[in-house]
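Please open the structure in a viewer and keep the selection panel at hand.

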Amino acid sequence: MILHTVNKTEVLERCLALVSEGDTVLLIEDGVYASLEAPSTASTWASVDPAVSWRVLETDLAARGISDKMRAPFEAVSQAQFIDLTLAHEKVISWG
Amino acid sequence: MDNISYLLLVRSSPYGSARARAAIDIALTAAAFEQAVTVVFLDEGVLQLFDGQETDIAELKNISQMIPALPLYEVKALCVHLPSAEKFGLDVAGLAEITPLDDAGLTRLTREHDQVLVF
């Protein structure tokens with residue numbers, strides 16, 4: 001189980017090629033913009049692996065004024081939940 | 001000291017930033033402390049592996065000359081991501097001591113190592 005943090009949208013593709021069952025992808029900083037993408041792109045999230053969790057850091061969404069524009073399957077997490085995620089996974093890969 | 005295995009994913013081109021150079025420094029440091037290090041060149045990171053890099057006129061430190069020396073400093077596992085090499089037209093057959101790796105192999109390495117660092 002790996003927690004992948006993605007801090008810009010352009011590194012997401014590389015990250016997605018490596019995720020697998022039990023992993024969590026967490027969008028942070030400018031990476032949160034990827035949660036806005038249209039459903040055609042969003043369908044690729046679910047197609048990667050149904051057993052992958054998709055999360056977005058809510059403070060970075062709020063800072064960019066897009067808290068209410070995030071799309072499924074992403075779910076917002078707090079800073080405290082971010083810490084919980086790092087503890088719940090075997091390792092963290094910080095992309096970007 | 002506990003032994004920790006490190007996987008370095010080098011995605012940066014050689015001279016566009018200091019990241020590629022930093023990756024080599026970290027590999028050498030970890031190996032000096034007898035930690036197991038695997039370096040994978042992927043995406044633009046494979047651009048470090050082209051031979052014939054002439055850096056003198058540009059006054060840059062030639063990174064490509066440092067890579068073949070890594071095994072001498074106990075950085076034994078060097079790999080190149082094959083789809084990235086193909087994308088940039090890099091012939092992996094000409095690379096000594098560097099193992100080609102497919103997508104599945106890359107995923108496997110990220111699971112096997114204790115720490116994964118991206119450059």
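Select Leu106(B) to begin. In this predicted model, Leu106(B) is buried, because 21 other C-beta atoms lie within 10 Å and the cut-off for a buried residue is 20 or more. The residue belongs to helix H3 of chain B. Now display what surrounds Leu106(B). Residues up to four places away in sequence aside, Leu106(B) touches Val40(B), Leu42(B), His81(B) and Leu101(B), and also Leu18(A) from the other chain. For Leu42(B), a distance may be drawn: its C-alpha atom is 9.5 Å from that of Leu106(B), although 64 residues separate the two along the chain.

**From the residue to its helix**

Next select helix H1 of chain B, residues 19–32. Helix H1 of chain B lies across strand E1 (6–10), strand E2 (37–41) and E5, at about 165 degrees to E1(B).

**The sheet of chain B**

Show the strands of chain B by themselves. In which order do the five strands of this open sheet stand? The order is E4-E3-E2-E1-E5, and the pairing is parallel. At the edges are strand E4 (99–101) and strand E5 (115–118) of chain B, each of which pairs on one side only. From one strand to the next, the twist averages 25 degrees.

Zoom in on strand E3 of chain B, residues 77–81, which pairs with E4(B) in the parallel sense over three bridges. Within E3(B), select Val80(B); opposite this residue, in E4(B), stands Pro100(B).

**The nonpolar core**

Apart from neighbours within four places in sequence, Val40(B) is in contact with Leu7(B), Leu8(B), Leu9(B), Val10(B), Cys79(B), His81(B), Leu101(B), Leu106(B) and Leu109(B). The largest nonpolar core has 50 residues, and Val40(B) is among those with the most contacts inside it, together with Leu8(B), Ala27(B) and Val39(B).

**A loop residue in chain B**

Select Glu34(B), in the loop between H1 and E2 of chain B. Is this residue buried or exposed? Glu34(B) is exposed, because 10 other C-beta atoms lie within 10 Å and the limit for an exposed residue is 12 or fewer. Its phi is near 60 degrees, a positive value in a residue other than glycine.

**Where the chains touch**

Colour the two chains separately and select the contact between them. Nine residues of chain A and ten residues of chain B take part. On the side of chain A, strand E5 (residues 91–95) gives the most, with four residues. The residues on that side comprise five nonpolar, two polar and two charged.

**The sheet of chain A**

Turn to the strands of chain A. They form an open sheet of five strands in the order E4-E3-E2-E1-E5, with parallel pairing. E4 and E5 of chain A stand at the edges with a single partner strand each, so one side of each has no neighbour in the sheet. Neighbouring strands are turned by 30 degrees against each other on average, direction ignored.

Strand E1 of chain A, residues 2–6, is joined to E5(A) by five bridges, and the two run parallel. Thr5(A) has Ser94(A) as its bridge partner in E5(A).

Now select strand E3 of chain A, residues 53–57. Four of its five residues are buried, so the strand is largely enclosed by the rest of the structure. Strand E2 of chain A, residues 24–27, pairs with E3(A) in the parallel sense over four bridges, and three bridges join E3(A) to strand E4 of chain A, residues 75–77, also in parallel. Select Val56(A) in E3(A): Leu27(A) stands opposite, and the bridge partner in E4(A) is Ala76(A). The chain passes from E3(A) to E4(A) through helix H3 of chain A, residues 58–63, in a right-handed β-α-β crossover.

**Two last stops in chain A**

Select Pro73(A), in the loop between H3 and E4 of chain A. The peptide bond from Ala72(A) to Pro73(A) is cis, with omega near 5 degrees.

Finish at Glu29(A), in the loop between E2 and helix H2 (39–48) of chain A. Glu29(A) has a positive phi of about 45 degrees although it is not a glycine. It is partly exposed, with 15 other C-beta atoms within 10 Å.

Notes. Residues numbered from 1 in each chain as written. Chains lettered and ligands numbered in written order. Predicted model: local features only at pLDDT ≥ 70, side-chain atom pairs only at ≥ 80, totals over all residues. Pairing = 2+ DSSP bridges. Axes fitted to C-alpha atoms, helices over the stretch in contact; angles between N-to-C directions. Contact = placed C-beta atoms within 7 Å. Right-handed = clockwise from strand over helix to strand, strands pointing away. Nonpolar A, V, L, I, M, F, W, Y, C, P; charged D, E, K, R; others polar. Core = buried A, V, L, I, M, F, W, Y, C linked by C-beta atoms within 7 Å.
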